[in-house]
Amino acid sequence: MMSFLRLINNLSFFFGTFVYHKNEEMNTQKIGWIGLGNMGIPMAEQLIKADYAVTVYNRSKDKEAVLKEMGASIAETPKDLVAATDVVIVMVTDDVAIEQVFKGDDGLFSAENAGKIIINMSTVSPSISKEMAALCQDKGSIYLDAPVSGSVKQAETGQLVIMVGGDETAFNEVKPILEKMGKMAVRLGEAGVGNVAKLAINSLLALYTQGLAETVVFANQQGIKTEDLLNLINNGAIANVFTKIKGYVIVADNYKPAFALKHIVKDLNLAKAIGLDLPLAKTARNTFEAAAANYGEEDLIAVIKQLKA
Ligand code: NAP
């Protein structure tokens, strides 16, 4: 319980201070990176900046160019990537994507796996992590689930909070890599536990988001301007970094996704599947599911548009 609360208290949705120290020597582990979405690109960039030799693969090949320019090698398939690297990191959407990356025709499991450490940083179900951990063990590799809290800003500045499930020795081996992407990396227990912690945190994220959106809608209905309300909130005792960042998104009326609304629907449903059945979470799930039809590709705070309609 203590380490979970420590995680919560270290969550930062704010712009972290980033100090970049160029390494004196090249880091020796060769890293493979799969999944170059909103999070994957800035996270992989942190490893290149830290002088790791990084090979990337993305399903849509056009997204690989920016990493290639920074010095990454490109793998045609996950199979080629695992053959060329020691540690493989996966940052993709959901359980379906994990199935394809691991078990697809040219997936990770189609290559020789012995001795590799495979780290899944995606937000997925604890059950798929337990399944992949067992399959990795059969193949002589080690699987860690290591989902992250924080969003694109934190990924860009190496300030994510990383929660890990899986083998302790492997965790200690890759901790220096994780710490290039995060301000903390904590192991909570065996495979799947990182995913459970992440789903708990994202249920709070959903509540914060709907709470902020409803507060703004109510105040606007009563004639108070959004800027004025946020000025009061952000200078008061209930101020938090999330309110500051997402408040700015509402004022700017620009809902380009840092964390797409459809992803919080995924996470609330994953939490439901493992037993989250509490009043606020149920309400939030209904709200975000209703909003997803119109605003699923936008940032999750676009739920305010649904509440205003
Ligand atoms: P995203 O921008 O939607 O990118 C998703 C990535 O997954 C893309 O590289 C995509 O490839 C790949 N992918 C999807 N389906 C695939 C499949 N079937 N096979 C192979 N690759 C597939 O997502 P994101 O925002 O980076 O989030 C990635 C993960 O981190 C999610 O689990 C999300 O819940 C979690 N997360 C996100 C945030 C955030 O603020 N964004 C914060 C914490 C955690 P293509 O380019 O080919 O589509």
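The legends below describe close-up views of a predicted model.

Local features are given where pLDDT is at least 70 and side-chain atom pairs where pLDDT is 80 or more, while totals for chains, interfaces and linings use all residues. Residues are numbered from 1 along each chain as its sequence is written, and side-chain values use heavy atoms, with hydrogens and water left out.

**View 1. Residues around the ligand.** The ligand is surrounded by 25 residues, each with a heavy atom within 4 Å of it. Ser60, Lys63, Gln100, Ser151 and Ala258 are the closest. By class, this shell holds nine nonpolar, 12 polar and four charged residues (Ala, Val, Leu, Ile, Met, Phe, Trp, Tyr, Cys and Pro count as nonpolar; Asp, Glu, Lys and Arg as charged; the others, Gly among them, as polar).

View 2. A polar contact here is a pair of N or O atoms within 3.5 Å. For His263, a polar side-chain atom is 3.2 Å from a ligand oxygen atom. The protein covers 90% of the 900 Å² of accessible area that the ligand has on its own (Shrake-Rupley method, 1.4 Å probe).

**View 3. Helices in the ligand shell.** Helix H5 (95-103) and helix H12 (261-273) are the elements giving two or more residues to the shell; helices are DSSP runs (H or I) of at least four residues, numbered from the N terminus. H5 provides the largest share, three residues.

**View 4. Packing of H10 and H11.** The axes of helix H10 (residues 226-235) and helix H11 (residues 241-252) come within 10 Å and cross at roughly 175°. Axes are lines fitted to C-alpha atoms over the stretch in contact, with angles from 0 to 180 degrees between N-to-C directions. The two helices are therefore roughly antiparallel (angles over 145 degrees).

Notes: Parallel < 35°, antiparallel > 145°, perpendicular 65-115°, else oblique. Polar contact = N/O pair within 3.5 Å; in protein donor to acceptor, adjacent residues only side chain to side chain.
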